[in-house]
Amino acid sequence: MTTRVGRVTATYPATGKVKVTYEDTGNTSLPVSLLTMNSEYSMPAVGDRVVTLHMENGSSKGFCLGTYYGGGTTPRATSGYRKDLNGGAYIVCSEGVYDLNAASIQFETSGAELLLDEENLKVEAGGSISLKGTDLTLESEGDLTLSGAAGSVTLKELLDTLKDYEGRIAALEGGA
């Protein structure tokens, strides 16, 4: 078996293969299978440095073992666990804290969805949604609207109605 170092020159996501140009000879391999690391999909990018392992019969039978640190590539974390995902998203787990960083995070099931992005939090379910705590604070710089089967009301409308009732009760009590 022969171990080689090179740069990815083409990727074939549908088949899980890459072509590699070797730095020592300038030759390019045929498409070689990418090691799956327990069926986890993580295709290297064109230009990434990789290590390959070839059978004795040449470059037609081999595997891409994956990328490595070195040659100008350094780890983005020096402790704990970090996994970089596509589009700048990444996961960090350190000292019991699991941190998922992305421009948008979405959780979906067959009947519910939770979506977080830079400006919004959306929670939607086909059934009930429960919020429970010793205190519950809802803050809004705009309107706060409550909607249900009976209709919708903004918090401002509700408070104005309560103030109106308060004034009517005071007038009734003063007139009695």
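The following dialogue explains how to read several features of a predicted model.

Me: Where are salt bridges found in this structure, and how many are there in total?

Reply: A salt bridge is read from the distance between a side-chain nitrogen of Lys or Arg and a carboxyl oxygen of Asp or Glu. In this predicted model, a search of the whole structure gives eight salt bridges. One of them pairs Asp-24 with Arg-4, at 3.0 Å from N to O. This pair connects distant parts of the chain, 20 residues apart: Asp-24 belongs to the loop between β2 and β3, and Arg-4 to strand β1 (residues 2-12). Asp-24 has a relative accessible area of 58%, so it is classed as exposed.

Me: How many aromatic pairs does the structure hold?

Reply: In general, a pair of aromatic rings is described by the distance between the centres and the angle between the planes. Here the number of aromatic pairs is zero. The charged end of Arg-4 is placed over the ring of Tyr-22, 4.0 Å from its centre. Arg-82 likewise lies over the face of Tyr-90, with 3.9 Å to the ring centre.

Me: Which residues form the nonpolar patch on the surface?

Reply: Such a patch joins nonpolar side chains that have over 30% relative accessible area. The members are Leu-85, Tyr-98, Leu-100, Phe-107, Leu-116, Leu-121, Val-123, Ile-129, Leu-131, Leu-136 and Leu-138, which together have about 1100 Å² of accessible area. Strands β8 (97-101) and β11 (121-125) each contribute at least two residues. Leu-131 is located in the loop between β11 and β12 (145-148). With 62% relative accessibility, Leu-131 is exposed, because the class begins over 50%.

Me: What joins β12 to β13?

Reply: Pairing of strands is read from the bridges between them. Four bridges connect β12 to β13 (residues 151-154), and the two strands run antiparallel. Ser-147, for example, has Ser-152 in β13 as its bridge partner. The two strands form a hairpin with two residues between them.

Me: Which features of the loop residues Glu-95 and Thr-25 deserve a look?

Reply: Glu-95 has a positive phi of about 50°, although it is not a glycine. Glu-95 is situated in the loop between β7 (90-94) and β8, and its relative accessibility of 79% makes it exposed. Thr-25 occupies the loop between β2 (17-22) and β3 (32-34). At 44% relative accessible area, Thr-25 is partly exposed. Its C-alpha atom is separated by 9.6 Å from that of Gly-6, 19 residues apart along the chain.

Note on methods. Residues are numbered from 1 along each chain as its sequence is written. This is a predicted model: local features need pLDDT of at least 70, side-chain atom pairs count only at pLDDT 80 or more; totals for chains, interfaces and linings use all residues. Side-chain values use heavy atoms; hydrogens and water are left out. Rings of Phe, Tyr and Trp (its six-membered ring) pair if their centres lie within 6.5 Å; planes under 30 degrees apart count as stacked, over 60 as edge-to-face and the rest as tilted. A charge sits over a ring if NZ of Lys or CZ of Arg is within 6 Å of the ring centre and within 35 degrees of the ring normal. Patches are made of residues with over 30% relative accessible area and no salt bridge: like charges are joined within 9 Å, nonpolar side chains (Val, Leu, Ile, Met, Phe, Trp, Tyr) within 5 Å. Accessible areas come from the Shrake-Rupley method with a 1.4 Å probe; for residues, only the protein chains shown count as cover. A salt bridge is a side-chain nitrogen of Lys or Arg within 4 Å of a carboxyl oxygen of Asp or Glu. Buried means under 20% relative accessible area, exposed over 50%, partly exposed in between (1.4 Å probe, protein chains only).
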